[in-house]
Amino acid sequence: MIIVSQNKDNIINFDNLTQVYITQDEEEKAYFIRFETVDSLYEDLGEYDTKTRAEEILRNIVYWYEIDAKVYNMPED
């Protein structure tokens with residue numbers, strides 16, 4: 001599955017990632033869905049106002065992956 005980042009600047013092949021996870025910024029004002037590659041490189045896929053919304057998006061990614069979707073577009077907040 002291909003994931004298109006929230007800002008539409010990146011297209012990532014989900015099969016090449018070691019993990020996708022939620023992290024919070026240092027000011028604790030936003031939550032990010034971040035990916036990490038086998039080379040330990042990481043980048044944010046999207047930014048959300050609440051942890052609940054970030055968790056919802058993460059579950060949604062898993063759902064679309066399970067049904068063999070070809071593309072997942074990271075939603076706006």
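Which residues have the most contacts inside the largest nonpolar core? They are Ile3, Ile61 and Met74, and the core that holds them has 16 residues. A nonpolar core is here a set of buried Ala, Val, Leu, Ile, Met, Phe, Trp, Tyr and Cys residues joined through side-chain atoms within 4.5 Å. S4, S5 and H1 each supply at least two residues of this core.

The model is a predicted one, in which local features need pLDDT of at least 70 and side-chain atom pairs count only at pLDDT 80 or more, while totals for chains, interfaces and linings use all residues. Residues are numbered from 1 along each chain as its sequence is written, and side-chain values use heavy atoms, with hydrogens and water left out.

The protein chain contains 1 helix and 6 strands, where helices (H or I, at least four residues) and strands (E, at least two) are DSSP runs numbered from the N terminus. Read along the sequence, these elements give the pattern β-β-β-β-β-α-β. The C-alpha trace spans about 35 × 25 × 20 Å along its principal axes.

Of the 77 residues, 35% are buried. Buried means under 20% relative accessible area, exposed means over 50%, and partly exposed lies in between (1.4 Å probe, protein chains only). The accessible surface of the chain comes to about 5,100 Å², and 45% of this belongs to carbon and sulfur atoms; the areas come from the Shrake-Rupley method with a 1.4 Å probe, and for residues only the protein chains shown count as cover.

Contact means heavy atoms within 4.5 Å. Among contacts in the chain with a separation of 6 or more, 39% are between residues 24 or more positions apart. Leaving aside residues up to four places away in sequence, Ile61 touches Met1, Ile3, Phe14, Tyr72 and Met74.

Phe14 also takes part in an aromatic pair. The structure holds 2 such pairs, counted when rings of Phe, Tyr and Trp (its six-membered ring) have centres within 6.5 Å; planes under 30 degrees apart count as stacked, over 60 as edge-to-face and the rest as tilted. The rings of Phe14 and Tyr65 have centres 4.7 Å apart and planes at 50°, so this pair is tilted. The pair links distant parts of the chain, with Phe14 in the loop between S2 and strand S3 (17-24) and Tyr65 in helix H1, 51 residues apart. Phe14 is buried at 18% relative accessibility, whereas Tyr65 is partly exposed at 37%. Tyr63 and Trp64 form an edge-to-face pair, with 5.4 Å centre to centre and 80° between the planes. Tyr63 is partly exposed, with a relative accessible area of 44%, and Trp64 is partly exposed at 33%.

How do the charged side chains pair? Side chains of opposite charge can pair when their charged atoms come close. A salt bridge is defined as a side-chain nitrogen of Lys or Arg within 4 Å of a carboxyl oxygen of Asp or Glu, and by this rule the count comes to 2. Arg34 bridges to Asp44, with the closest N and O atoms 2.7 Å apart. This pair links distant parts of the chain, since Arg34 is in strand S4 (residues 31-37) and Asp44 in strand S5 (residues 42-48), 10 residues apart. Arg34 is buried at 18% relative accessible area, and Asp44 is partly exposed at 29%. Arg53 forms a salt bridge with Glu56, the closest N and O atoms being 2.5 Å apart. Arg53 and Glu56 are 3 residues apart in helix H1 (residues 51-66), so about one helical turn separates them. Glu56 is partly exposed, at 39% relative accessibility.

Two backbone positions remain to be described. Most residues other than glycine have a negative phi. Lys8, which is not a glycine, has a positive phi near 65°. Lys8 is in the loop between strand S1 (2-4) and strand S2 (11-13) and is partly exposed, with a relative accessible area of 49%. Asp68, likewise not a glycine, has a positive phi of about 60°. Asp68 is in the loop between H1 and strand S6 (71-73) and is exposed, with a relative accessible area of 60%.
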